[in-house]
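Student: I would like to learn how to read a model like this one. Could you take me through it feature by feature?

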Amino acid sequence: MSKILIIGTGPVAIQLANICYKYTDTIIDMVGRATTSTKSQRLFQAYKRDGYFEVMAQNAIHQHLTGQFQVNNLYGDLSQVKDEYDTVIMACTADAYHNVLRQLPTPTLENIKHIVLVSPTFGSHMIVEQFIMKFNKDIEVISYSTYIGDTRVINHMAPNRVLTTGVKTKIYMGSNHEFSEMTGYLKDLFQRLKIKMSVMASPLHAESRNSSLYLHPPLFMNDFSLTAVFDGTKVPVYIYKLFPEGPITMTLIHEMRLMWKEISTITQKLNVPTINLLEFMTKENYPVKAESIDKDNIENFETLPNILQEYLLYVRYSAILIDPFSKPDNKGRYFDFSAVPIQRVDQDEQQIIRIPRMPSEDYYRTAIIQHIAKLLGIATPMIDKFLQRYIERCQRYRLEHPDQRLSSQFDIELFKEDMDLITRFLEIKKIV
């Protein structure tokens with residue numbers, strides 16, 4: 001990497017820019033949406049005022065990710081980008097990849113050598129690779145399984161200063177180039193960041209290693225959670241708690257297992273190894289005490305009877321209602337690990353009603369998976385039910401609030417162009 005364009009100006013983009021600034025010898029430009037986004041505009045004003053970005057860390061062990069820095073150029077809008085870059089880092093949401101790339105000037109698109117997808121969903125690389133093909137057939141598309149941790153703005157008046165509160169110990173990466181020098185370079189870089197990077201056989205292999213694909217739809221696309229999101233509740237409710245404090249019931253767990261099995265059928269058809277869901281949850285997301293779930297049950301989860309699989313998934317969520325590795329206080333209370341509130345639809349600064357990232361981004365992920373399944377001739381009754389529930393809630397909200405200005409998130413046909421690109425990709429590869 002010699003010259004990088006980071007697309008995005010949020011906390012993730014700032015943390016990644018700081019890593020590039022500290023650990024690579026590169027020229028770094030960033031681009032946001034200051035002409036259309038109030039948040040992005042506020043970021044530009046803060047950067048102009050202070051003259052720097054800053055990354056802080058909540059934990060002492062992550063101090064190597066902190067720093068204060070400047071970028072070479074901070075573009076207010078994609079239309080302002082005029083330079084050429086060998087690497088583009090997509091630090092925006094996966095549903096924006098296509099729309100963002102097509103706004104870049106043709107000379108920029110023609111000269112990119114690598115595009116890195118930081119937070120893709122299953123199939124994101126297909127969209128990017130198929131779109132970019134008409135400009136550059138040899139471009140390398142690299143997908144991560146997920147962003148490296150959790151970074152957030154702590155003061156909305158200073159969005160140029162962000163805090164990284166957690167860092168993953170392992171993530172996955174895959175390239176569409178069989179022999180990739182870039183993946184070796186990035187693996188070495190992540191080793192310096194104390195993050196294990198596992199290089200997979202393809203971008204799709206990496207994209208399938210994101211637990212949100214398997215867990216978020218059942219957690220958010222049920223009547224309990226959707227009511228909390230679209231109608232609100234009298235008292236707070238929490239996404240990772242058992243009913244009635246949260247949505248987790250045996251029915252939800254049953255639906256979670258069914259979705260996992262449907263995605264497994266899709267990945268097998270695409271020659272991507274399935275994941276052991278329980279092992280992935282306990283070893284690569286958050287562990288439980290050995291007393292809670294037997295090691296053999298975790299390792300053999302995929303071969304166990306259905307009802308035992310569901311029992312173990314329920315036990316797993318019960319075991320992390322509190323953080324089992326935290327220290328209890330003098331009353332014996334552990335850290336309330338599961339108290340993550342379900343966010344309600346809300347009005348932004350432009351008086352437009354927006355759906356929270358969860359479940360809005362999960363709808364996009366799940367709709368893309370459903371489209372791939374249809375192309376492969378695979379039935380997905382559980383995925384279909386999740387999506388139908390979500391769509392009905394969006395439509396009901398629109399009918400019940402005719403005077404409100406609603407965001408494009410309520411448009412259920414929003415992803416047709418992305419789906420068309422996936423269809424063409426799979427046809428060219430002779431997969432469908």
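Tutor: Some ground rules come before the features. This is a predicted model, so local features need pLDDT of at least 70 and side-chain atom pairs count only at pLDDT 80 or more, while totals for chains, interfaces and linings use all residues. Residues are numbered from 1 along each chain as its sequence is written, and side-chain values use heavy atoms, with hydrogens and water left out.

Student: How many helices and strands does the protein chain have?

Tutor: Helices (H or I, at least four residues) and strands (E, at least two) are DSSP runs, numbered from the N terminus. Here the protein chain has 16 helices and 15 strands. Its radius of gyration is 22 Å, close to the 22 Å that the globule rule gives for 432 residues, so the chain is as compact as a globular protein of that length. That radius is taken over C-alpha atoms, and the rule is 2.2 Å times the number of residues to the power 0.38. The C-alpha trace spans about 55 × 55 × 50 Å along its principal axes.

Student: What percentage of the residues is buried?

Tutor: Buried means under 20% relative accessible area, exposed over 50%, and partly exposed in between (1.4 Å probe, protein chains only). Buried residues make up 55% of the 432 in the protein chain. As for contacts (heavy atoms within 4.5 Å), among those between residues at least 6 apart in sequence, 73% join residues at least 24 apart.

Student: Which residues lie nearest the centre of the largest cavity?

Tutor: Rolling a probe the size of a water molecule over the atoms shows where empty space is left. On a 1 Å grid over the protein atoms alone, a cavity is a set of points where a 1.4 Å probe fits but cannot get out; lining residues have an atom within 4 Å of a point. A search of the whole structure finds 1 cavity of 30 Å³ or more. The largest cavity has a volume of about 140 Å³, a volume being the space filled by probe spheres set on the points, with grid points joined across faces, edges and corners. Leu-16, Ile-89, Tyr-144, Leu-186 and Leu-189 lie nearest its centre, out of 13 lining residues. Helix 1 (11-23) and helix 6 (181-192) each supply at least two residues of that lining.

Student: Is the peptide bond from Phe-243 to Pro-244 cis or trans?

Tutor: That bond is cis, with omega near 10°. Pro-244 lies in the loop between helix 9 and helix 10. Tyr-240 is found in the loop between helix 9 (223-230) and helix 10 (250-269) too.

Student: Which residues does Tyr-240 contact?

Tutor: Leaving aside neighbours within four places in sequence, Tyr-240 touches several residues, including His-216, Leu-219, Tyr-317 and Val-340. Tyr-240 and Leu-219 are 21 residues apart in sequence and 7.9 Å apart in space, C-alpha to C-alpha. At 24% relative accessibility, Tyr-240 counts as partly exposed.

Methods. 1 Å grid on protein atoms, 1.4 Å probe; cavity = no way out; pocket = protein on both sides within 12 Å on 5 of 7 lines; lining within 4 Å.
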